[in-house]
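Please open the structure in your viewer and keep the selection panel at hand.

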Amino acid sequence: MKYTGEFVSYFPNGNLESLQRFDEYSEPIDSSYYYYPNGKLKMIVVHQEIGKKMFSGTTDTHPFYLLYLDSIGNYLVKRGNGFLRISGPGDSYIEGELKNNKKEGKWSGWNMGTFYEELYHDDLLFQGKRFKKNGDIVLYFQENMESITTYPKGLQVFMRGLYENLNISYDLIKGISSESISVTFMVDRDGRTRNFRIAEQVPLKFREQLVSAIQKMGNWIPAKLQGMEVNVNYTIPIRIK
């Protein structure tokens with residue numbers, strides 16, 4: 001889901017929850033305001049432009065935490081300095097000390113069903129620990145905090161094998177005007193491919209053969225975030241003419 005322009009959300013009791021603004025690329029701009037259910041101000045975030053994104057060329061912004069208060073109005077963060085807690089979807093959160101608007105020292109949080117701890121200096125991750133449910137502790141660092149999903153033998157091998165597995169008759173593709181179609185699928189935490197999305201104008205039998213051909217190629221190496229395997233969507237182009 002993407003937003004453009006002003007976005008306003010409300011709590012179930014009708015009180016204002018947040019007021020935000022987004023540009024045409026769904027990047028947050030200007031200042032964002034967040035409130036508690038009792039109506040008191042929670043946080044003001046100023047989105048500072050820091051340059052352009054490498055691939056899209058769109059504006060890249062960084063949040064400056066101007067103010068953060070508890071539910072009775074006590075200041076916890078002033079002008080990027082103090083203790084910050086950021087809540088995410090469900091019961092996820094991350095909290096720790098800000099120094100000059102940069103993470104410093106020990107931060108901790110909960111997401112993806114497990115607890116984690118991270119050590120920062122000047123906003124750079126020194127070391128992270130993920131405490132898995134089976135008792136394992138996974139270490140990660142700045143350079144491997146995030147990793148994308150990959151095919152074990154490389155994308156070229158995957159695409160070559162995919163075309164070899166396809167046996168599409170001319171009757172199935174003659175009504176398709178474009179020279180290629182995009183196939184999006186999820187690579188789940190176990191590396192399996194599922195949740196395929198293919199344009200509706202592609203004949204059902206063609207779509208079924210595409211799904212079957214991709215699944216025959218076997219599992220992928222799942223993406224990771226903070227030492228934890230995560231589900232990600234992946235899109236590949238299929239040339240048909």
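Begin with β13, β16 and β17: in this predicted model, these three strands form an open sheet in the order β13-β16-β17, paired antiparallel. Select β13 (146-147) and β17 (228-230), the edge strands, each of which pairs on one side only. Next, display β16 (residues 223-225), which runs antiparallel to β13 and is joined to β13 by two bridges. To see one bridge pair, select Ser-147 together with its partner in β16, Lys-224.

Proceed to the largest nonpolar core, which has 23 residues. Select Phe-158, Ile-181, Val-183, Ile-236 and Ile-238, the residues that touch the most other members. The elements giving two or more residues to this core are α1 (155-165), β14 (180-187), β15 (193-198), α3 (204-216) and β18 (232-239). Centre the view on Ile-238; leaving aside residues up to four places away in sequence, Ile-238 touches several residues, among them Met-159, Leu-162, Tyr-163, Ile-181, Val-183 and Leu-210.

A second, separate core has 15 residues; select Tyr-36, Tyr-120, Leu-125 and Met-145, which are included in it.

Finally, turn to two backbone positions. Select Asp-123, in the loop between β10 (114-121) and β11 (124-131). Asp-123 is not a glycine, yet has a positive phi of about 75°.

Asn-195 has a positive phi of about 55° although it is not a glycine, and its relative accessibility of 43% makes Asn-195 partly exposed.

Notes:
Residues are numbered from 1 along each chain as its sequence is written. This is a predicted model: local features need pLDDT of at least 70, side-chain atom pairs count only at pLDDT 80 or more; totals for chains, interfaces and linings use all residues. Side-chain values use heavy atoms; hydrogens and water are left out. A nonpolar core is a set of buried Ala, Val, Leu, Ile, Met, Phe, Trp, Tyr and Cys residues joined through side-chain atoms within 4.5 Å. Buried means under 20% relative accessible area, exposed over 50%, partly exposed in between (1.4 Å probe, protein chains only). Helices (H or I, at least four residues) and strands (E, at least two) are DSSP runs, numbered from the N terminus. Contact means heavy atoms within 4.5 Å. Two strands pair if DSSP finds at least two bridges between them.
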